Amino acid sequence: IQALDEAGRGLSEGLQIAADAVDATPLRARFDDVPVEQAGEVEARLGPLVDALEVDDPYDAAEAWPADGPAPVWFVDHRVARSLVDTHGGAVEGEGDAGVLARYGDAWYLGREPDAPVVGKAARARRRAELAEARQALDAELDGLQAALSTTAAARRRCAGLLPEAALLD
């Protein structure tokens, strides 16, 4: 759940500090309005750019990037950021999972839709709810196991108390 919250903020603390220094925002924030049903495909199309920073000018951002800032880092010009998922390409079928093919200039990227996308507020909220439900189920199971352990320990103590009397029965 904490990882989803961090994904919603978009950046780790160190990357956020460096991004603030160059007036950058997480690229994934541009896609927070993506419906749950499309979140996985959008994330697959973004591929390695899912953690990219959106900036006014990539060259200026690179020059201003702090020397102790995290690297490598991807910069995306804000004028083309939204079109990254609207470029040529689309779903492809192959062995196993279907993939998403996305074009970046003269390069093509084949991505897979993640089981738990971090792109889109709705997708993160759904996953957070699923994880909270799973946690409740595990907490209930743990309570049951702890009760069974307590019962077993009490029975063991009673048996240990009876062992000395077993010698008398022989």
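Which residues does Val76 touch, not counting residues up to four places away in sequence? I looked this up and found Leu27, Leu49, Ala52, Leu53, Glu54, Val55, Ala81 and Leu84, where a contact means heavy atoms within 4.5 Å.

I noted that this is a predicted model, in which local features need pLDDT of at least 70 and side-chain atom pairs count only at pLDDT 80 or more, while totals for chains, interfaces and linings use all residues. Residues are numbered from 1 along each chain as its sequence is written, and side-chain values use heavy atoms, with hydrogens and water left out.

Next I went through the elements: the chain has five helices and six strands, which are DSSP runs numbered from the N terminus (helices H or I, at least four residues; strands E, at least two).

I then turned to the cores, a nonpolar core being a set of buried Ala, Val, Leu, Ile, Met, Phe, Trp, Tyr and Cys residues joined through side-chain atoms within 4.5 Å, with buried meaning under 20% relative accessible area (1.4 Å probe, protein chains only). The largest has 14 residues, and Val76 is listed with Leu27, Phe31 and Leu46 as having the most contacts inside it. Helix α3 (residues 36-46) gives the largest share of this core, three residues.

Last, I checked the open sheet, whose three strands have the order β1-β2-β3 with mixed pairing; two strands pair if DSSP finds at least two bridges between them. Strands β1 (25-26) and β3 (75-77) stand at the edges with a single partner strand each, so one side of each has no neighbour in the sheet. Two bridges join β1 to β2 (residues 53-55), and these strands run antiparallel, with Pro26 opposite Leu53 in β2.

How values were computed:
Buried means under 20% relative accessible area, exposed over 50%, partly exposed in between (1.4 Å probe, protein chains only).
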